[in-house]
Amino acid sequence: MIKDSQKKEVYNFDSAMNSLDNINLNEAQEIVNRICSPYFPNRIPKVKIDNRHKGLNYQFLGNEITLTKKFGNLPLSILIHEIAHFFVRQNDRNLKRKFFSDELPEGHGPEFVGVYMMLLNQELHYGMEVMDHCAKINRVKYNFNSWNEIIQNRKN
Ligand SMILES: [Zn+2]
């Protein structure tokens, strides 16, 4: 079992981040392309709509974000959560970190939350102070280590 010690706290943080602007599932691929291509033009995740699936997830190996119609219209912030998983894992892969080792950030660890916050700021203009406050009251730790690596490598 891979450690994911602040998963519950991040899900609580998610509820606070829920955006009011819902997107249609049919728009999801276009949004994923738009957000990912400036950073990772060579490996854009595919959006799959699977109604047998219970929730949402991101599968790194298949590079797929699975959504379900159960959600109907989807808050953009939830799609951004899944995109943030892709960003962190793709950055690990580019830096040749070994999967299933201690080198890797946890699924919902501080590196993930930092990327998630930066994408929420970029796409939904959430202020960093508000997000910092929500992180604190939900006891969510974050840092910008992965985000800084992503930005660094984009310039190269
Ligand atoms: Zn997640």
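This is a predicted model: local features need pLDDT of at least 70, side-chain atom pairs count only at pLDDT 80 or more; totals for chains, interfaces and linings use all residues.
Visitor: What makes the radius of gyration of the chain agree with that of a compact globule?

Guide: For 156 residues the globule rule gives a radius of gyration near 15 Å, and because the chain has 15 Å, the two agree. Along its principal axes, the C-alpha trace spans about 35 × 35 × 35 Å.

Visitor: Which elements make up the secondary structure of the chain, and in what pattern do they follow along the sequence?

Guide: There are six helices and five strands, and along the sequence they follow the pattern α-β-α-β-β-β-β-α-α-α-α. Of the contacts with a separation of 6 or more, 69% join residues 24 or more positions apart.

Visitor: How do you know that the buried residues of H1 lie on the same side of the helix?

Guide: In H1, which runs over residues 7-17, Val10, Phe13 and Met17 are buried. They cover an arc of only 55° around the axis, and therefore they lie on the same side of H1. The buried residues of H1 pack against helix H3 (76-94), helix H4 (110-124) and helix H5 (128-137).

Visitor: Why is Leu124 called partly exposed?

Guide: Leu124, which is found in helix H4, has 15 other C-beta atoms within 10 Å. A residue would need 20 or more to be buried and 12 or fewer to be exposed, so with its 15 Leu124 is partly exposed.

Visitor: Which residues is Leu124 in contact with, leaving aside its neighbours within four places in sequence?

Guide: On that basis Leu124 is in contact with Ser19, Leu76 and Ser77. Leu124 and Ser19 are 105 residues apart in sequence, while their C-alpha atoms are 7.9 Å apart in space.

Visitor: What makes a set of residues a nonpolar core, and how many residues does the largest one have?

Guide: The members must be buried nonpolar residues joined through C-beta atoms within 7 Å, and the largest such core has 33 residues. Those with the most contacts inside this core are Ile80, Ile83, Ala84, Val113, Val115, Tyr116 and Leu119. At least two residues of the core come from each of H1, helix H2 (28-36), strand E4 (64-67), H3, H4, H5 and helix H6 (145-155). In soluble globular proteins, nonpolar side chains tend to be buried together.

Visitor: Which residues is Ala84 in contact with, beyond its neighbours within four places in sequence?

Guide: Ala84 is in contact with Phe112, Val115, Tyr116 and Leu119, once those neighbours are left aside.

Notes:
Residues are numbered from 1 along each chain as its sequence is written. Helices (H or I, at least four residues) and strands (E, at least two) are DSSP runs, numbered from the N terminus. The arc is that of the directions from the helix axis to the C-beta atoms. Two residues are in contact if their C-beta atoms, placed from the backbone, lie within 7 Å. The radius of gyration is taken over C-alpha atoms; the globule rule is 2.2 Å times the number of residues to the power 0.38.
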